[in-house]
Amino acid sequence: MSGGPILVFDSGVGGLSVVTALRHQLPEAALAYACDNAMLPYGLREDDWLVARILRVCEAAVSASRCVTLVVACNTASTLALDALRSRLAIPVVGTVPAIKPAAASSRSGHFGLLATSATVARPYTLGLIEAFAAHCRVTRVAADELVREAERWLAGEAPDPAVIRRALAPLWEDPLLDTVVLGCTHFPLLRDFLAAAAPREIAWIDSSEAIARRTAQVARGVAPRRGPGESHVTALDPRLTAGLARFGFAEPRLLVLD
């Protein structure tokens, strides 16, 4: 397949944080976007159900967009379904994993936080990353599913709730030596300014978007040139998404037809 866009997939709007990095890394590349907003949030759903759902939605989105590369810009989907997607699709599939390794390397105190969804925080894949790359560190894992909704609200033009943000971050501040936080959900970088404003001290915030963009640039072949807004696909039509997607260079979303 050649002459198609790079498709970015997420459960909701979190993948738009990866779109920003992709635009910087591949400014001339056509991008498309797809999200399973009808089933948001993924982090609270059962694993077996999620794998089947992710395969179904991604296969439909790949077919509809005629993409040449799929970027799974979702930690939950990547840790669950990446191997299955790669076995089912004939195009490169780039996944997302929490930035445990760079956080362990950059934390000066050796204590960093992982802010993610319930599913990502507890998943064996994540624990394996911590064991492999941060065994010498103290890692405070915090589930913050409520921040997914706050990021969705922000993209829809509403102000995030400061009280929700403060409450979600509170467990991170129990040790004054914690100096770095991994944003282990692609929704969370959209709230970076609000998170920083709620922190009691200066914190290094680390996410995977730049690494994802670099990997995509390495594997993507036959990408069509960017010509105007990219197409976008959703599983539930929501007029609040239109303006937000337009801010990131995408046309009005189309309803994705699932087999």
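# Report on a predicted protein chain

The buried residues of helix 7 (residues 146–155) are L147, V148, E150, A151, E152 and L155. Here, buried means under 20% relative accessible area, exposed means over 50%, and partly exposed lies in between, with a 1.4 Å probe and protein chains only. Helices (H or I, at least four residues) and strands (E, at least two) are DSSP runs, numbered from the N terminus. The model is predicted: local features need pLDDT of at least 70, side-chain atom pairs count only at pLDDT 80 or more, and totals for chains, interfaces and linings use all residues. Residues are numbered from 1 along each chain as its sequence is written, and side-chain values use heavy atoms, with hydrogens and water left out.

## Helix 7 and its cover

The cover over the buried residues of helix 7 includes helix 1, strand 5 (111–116), helix 8 (162–169), helix 9 (192–198) and helix 11 (239–247). Contact means heavy atoms within 4.5 Å. After helix 7 comes G157, which has a positive phi near 95°.

## The chain as a whole

The protein chain contains eleven helices and ten strands. For 259 residues, a compact globule would have a radius of gyration near 18 Å, and the 18 Å of the protein chain agrees with this. The radius of gyration is taken over C-alpha atoms, and the globule rule is 2.2 Å times the number of residues to the power 0.38. The C-alpha trace spans about 50 × 40 × 35 Å along its principal axes.

Of the 259 residues in the protein chain, 56% are buried. Among contacts with a separation of 6 or more, 74% are between residues 24 or more positions apart. The protein chain exposes about 11200 Å², and carbon and sulfur atoms supply 52% of it. Accessible areas come from the Shrake-Rupley method with a 1.4 Å probe; for residues, only the protein chains shown count as cover.

The protein chain has 26 positive and 26 negative side chains, and the centres of the two sets lie 4 Å apart. Lys and Arg count as positive and Asp and Glu as negative, while His and the chain ends are not counted. The place of a charge is taken as NZ of Lys, CZ of Arg, CG of Asp or CD of Glu.

## Helices 1 and 10

Helix 1 is largely enclosed by the rest of the structure, because seven of its ten residues are buried. These buried residues are L16, S17, V18, V19, A21, L22 and R23. Their cover includes strand 1, strand 2, strand 3, helix 7, helix 10 and helix 11.

In helix 10 (residues 209–219), the residues S209, I212, A213 and T216 are buried. Seen down the axis of helix 10, its buried residues fall within an arc of 100°, so they line one face of the helix. The arc is that of the directions from the helix axis to the C-beta atoms. Strand 1 (6–10), helix 1 (16–25), strand 3 (69–72) and strand 4 (93–94) are among the elements that cover the buried residues of helix 10.

## Individual residues

T69 belongs to strand 3 and is buried, with a relative accessible area of 0%. Leaving aside residues up to four places away in sequence, T69 touches P5, I6, L7, I91, P92, V94, T216, V219, A220 and R221. A77 is placed in helix 3 (residues 75–88) and counts as buried at 0% relative accessibility.

A135 lies in the loop between helix 6 (124–133) and strand 6 (138–143). In contrast to the two residues above, A135 is exposed, with a relative accessible area of 62%. C67, in the loop between helix 2 and strand 3, counts as buried at 0% relative accessibility.

| Pair | Distance along the chain | C-alpha separation |
|---|---|---|
| A77 and G12 | 65 residues | 12 Å |
| C67 and A30 | 37 residues | 9.4 Å |
| A135 and S106 | 29 residues | 14 Å |

## Backbone features in loops

The peptide bond from L40 to P41 is cis, with omega near 0°. P41 lies in the loop between strand 2 (31–35) and helix 2 (47–65). R66 is found in the loop between helix 2 and strand 3. The phi of R66 is near 55°, which is a positive value in a residue other than glycine.
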